[in-house]
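Hi there,

Here is the structure I promised to pass on to you. Have a look at it first, and my notes follow just below.

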Amino acid sequence: MSSPSFLQLLVVSLAIAGGIVGVCNGGKYSRDDFPTNFIFGSGTSAYQVEGAAMEDGRTPSIWDTFTHAGLCLLQLASFMSGAGGATGDIACDHYHKYKEDVQLMANIGLEAYRFSISWSRLIPNGRGPVSPKGLQFYNSLINELLSHGIQPHVALFNFDLPQALEDKKDFTVYADVCFREFGDRVQYWSTVNEPNVYALGGYDAGDTPPQRCSPPFGKVNCTRGNSSTEPYLAAHHILLAHASAVRLYREKYQEKQRGFIGLCIYAFLYIPLTDSKEDALATQRANDFLIGWFLDPLVFGEYPRKMKENAGSRIPRFTKAESKIVKGAFDFIGVNHYMAMHVGDNSSNMALEHRDYLADSATTPVDTKRLMSLEVRVRKIDCDIKFTLVSCSVQCMANELALLIQVFITPWTLEGVLKYLKEVYGNPPIFIYENGQRMLHNSSLEDTPRVKYMEVYIEGLLNALRSGSDTRGYFTWSFLDAFELLDGYKSSYGLHYVDMEDPEMKRYPKLSAHWYSDFLKGKTVGSASKGLVSVTPKLVSFQNLCLPGRAGGATGDIACDHYNKYKEDVKLMADMGLEAYRFSISWSRLIPNGRGPVNPKGLQFYNNLINELLSYGIQPHVSLFNFDLPQALEDERDFTVYADVCFREFGDRVQYWSTVNEPNVYLIGGYDAGDTPPQRCSPPFGKINCTRGNSSIEPYMAAHHILLAHASTVKLYRKNYQEKQHGFIGLCIYTFFYIPFTDSKEDALATQRANDFLIGWFLDPLIFGDYPRIMKENAGSRIPSFTKAESKLVKGAFDFIGVIHYMAIHVSDKSSNLALKHRDYNADSATTLVDIDLLTSLEVSITPWTLEGVLEYLKQVYGNPPIFIYENGQRMLHNSSVEDTPRVKYMEAYIEGVLNAMRNGSNTRGYFTWSFLDAFELFDAFESSFGLYYVDIEDPDLKRYPKLSAHWYSDFLKGKTVGSDPEGLGEFDRNVLFTSK
């Protein structure tokens, strides 16, 4: 069959969008309006409903691993509600309650039920022997369905791949000891704390250890070092040592310890001193030199261009091997932030013959005296600041943070840093590991300025989260009035005052300690109009660094004596309600000479501290290094085998098989964006911190292998089973209905490209034997080619196509992407999905003509193949109400849309709602629901309650006429409804 012309396709798209094809006209209809062989069902998937994750030999799938790592978060929704950490371990307990569930299906009148088989349950290790218990469960489920006259529709694969199938020197040795001894209980590791500050203070200014510098740059009497070269050399070695430790952790420990590792940077929010172009450029240079110095290598594999240009040969270059090991060497980024800094241009520095780091940056950070002379000491922030990638509006210049004893309260600076990291570095996972208010030591227990600081900065964090920042935790600095590295005991940041004159060093909680405790225990804080009313502080945590061991002559020899009083300190944390505690390990305590044997007493102390924290349910977050360097150191076959078991064991009763569910979504999320398992991606394309993968190549490679595995499975089924079992096999794709954003030719062409890249990616090979022409042109050699034998195998490898559809998306042209040197799937499509954010909106707009449009498109472009609509439904808040009227209206309109499409000739064979039960949603956990039945997850028995939509669908399936009701939904008997908890 030849492909239709562009004009034909454009007419189809615009005609449907404009309402020519079968728009919902508000008429009434009934089940009898549909052919008798048309089926209506509902569906779920294994991981989302079965539960029993560890029972009867089932092994983890990649979704088990994903959720147990605490990654199932839908950004803001999960932070706010505590869905982070939700898993499918119990889900709806369908594994034990399938008979009750099937009875509910029968009560509704379902004609079919679609479910997926858990590969991990049936063949626990992904290959090898079949589990008798898994075999028994699916046999029992299928038999139960058939005994009620319900037709099973089975998906072999729904994202839950078995895990078994997926699955410098001194510093590294030291790290190895830490991982080995503590990693069974420590999940979060930071290798180096504030390496940017460490390199500047220790190797340029020389005012912090190891005090290396050279005139005229040092702030002290410089007796050793080279301020022009050593900061860059030190940073380079830190990055290589960090990457080496990450590689060690990932190779030896991470899989079994399920932990995370990262690096923690200090960040100002830099603001141009004036609105001149020069100061704006200087601000970007300041960011490159402070933040990009470490994050550019970790995210992009190289130092910022401007650093290399200005520092020249004095900044080391990464070899290809070093770049490879450094790039992606983090699971999260730690951020320490307190204040903003104004930046002025100082390009004249570039004419100096000898330069250090600051001169290379060609900037002037404006100090406190400069700010005061400008009379801009304003403490309260009112302006609506407008952030860009490199700066914020100079209108807010009056709202300054100065390095006085108290830091001015300007929470937008924290928002600004998080915004910058999101936009420049691909929104990596962030832990705010330090943030707090500096005050005079011994000033007062009523530390109101600290309370005000915390209150608004946490609110600023919330604003950043609502704007999409992938921030995962917030830690105040500090838990106790510690020995401050730059101030000794002159200032303090602690929530607890430590009486240094008391031999027992008694702790006293300050007002800030009481405030934070109230917040952590759920009390409403902050300005109600600003939106902190509903925050649930599941990920708001805390830290302390109280150095083991008093400025002028002050030392950390005694400090807070945390070494001997850790039990008392941990008890205070527990009384407050802390959920996490971050500390650093003293390398010198654990390995006294920096290398060689481990100190048993040091080992015992940190083991005791960790155990004490865990005994109170407090999560340890550990930094390996916080400036205190020891002085002494100055394939397809598996899938086919799995499918063979299913066909052999269940095929005598299962007639409809889907091999892979939503492979297009699976590949984009799992191999390009990296925000779903197996979380493979590469910067700058990933939506997460990309630690493995290649977004430019792997989506295409994975799709190719999926198509070959699918075709191989279809061949097996047709050869060995289909004739005697009389079944059908297909593949199920996710579809949007794409609409041109404007009436321009460019947007119309972009819309066709979007269809080719989402739908044609799989349907063109299945129907025409090859990928769409535009995909091959734009992706070039990165998209595999089918051999003649493979094309023959894939072409026609389906009896039906499964369609999953919820909504439309507008598309605009972005052909400029094709000029990019490095591209991913999205850039190759040369499109912009204008309203893609609608995917995260709670309820889907009711536009049933979009489903009609998809069916019409499949009819005209792909020869009207047999279609099953396997997912369609309305998303709502979980626990919102069993009177789910929006879902009823959605189903009513979309089923009428299906009827219109069929009257226009669509070869659609069935419609399935998503979902039967309020399941564990892969992207929302238990935040949202699509179910016809509410599942009370607080009830030990997980009792089910039918919603209004269940009654509506049941009435429809039993022959009642439905459609537009001018009286609304009043004809339903509300007495049959239960009230949700």
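What is the handedness of the link of cysteine 681 and cysteine 690? It is left-handed, with -110° about the S-S bond.

Before the rest, some housekeeping. This is a predicted model, in which local features need pLDDT of at least 70 and side-chain atom pairs count only at pLDDT 80 or more, while totals for chains, interfaces and linings use all residues. Residues are numbered from 1 along each chain as its sequence is written, and side-chain values use heavy atoms, with hydrogens and water left out.

**Disulfides**

Searching the whole structure turns up two disulfides (a disulfide being a pair of cysteine sulfur atoms within 2.5 Å). In one of them, the sulfur atoms of cysteine 681 and cysteine 690 are 2.2 Å apart. Cysteine 681 is buried at 1% relative accessibility, and cysteine 690 is buried at 6% (buried means under 20% relative accessible area, exposed over 50%, and partly exposed in between, with a 1.4 Å probe and protein chains only).

Another disulfide links cysteine 213 and cysteine 222, with 2.1 Å from S to S. This link is left-handed too, at -110° about the S-S bond. Cysteine 213 has a relative accessible area of 1% and is buried; cysteine 222 also counts as buried, at 15%.

Two further cysteines may interest you: cysteine 264 is buried at 0% relative accessibility, and cysteine 732 is buried with a relative accessible area of 0%.

**An open sheet and its helices**

There is also an open sheet of three strands, in the order β7-β9-β10, with mixed pairing. Strands (E, at least two residues) and helices (H or I, at least four) are DSSP runs numbered from the N terminus, and two strands pair if DSSP finds at least two bridges between them. The edge strands, each pairing on one side only, are β7 (269-272) and β10 (363-365). From one strand to the next, the twist averages 35° (axes are lines fitted to C-alpha atoms, for helices over the stretch in contact, and angles run from 0 to 180 degrees between N-to-C directions).

Strand β9 (residues 340-345) pairs with β10 in the antiparallel sense over three bridges. Valine 343 has proline 365 in β10 as its bridge partner.

Helix α12 (residues 277-300) lies across β7, β9 and β10, and runs at about 125° to β9. Helix α17 (residues 412-424) packs on the sheet as well, touching β7 and β9 (contact means heavy atoms within 4.5 Å). The direction of α17 makes about 100° with that of β7.

Best wishes
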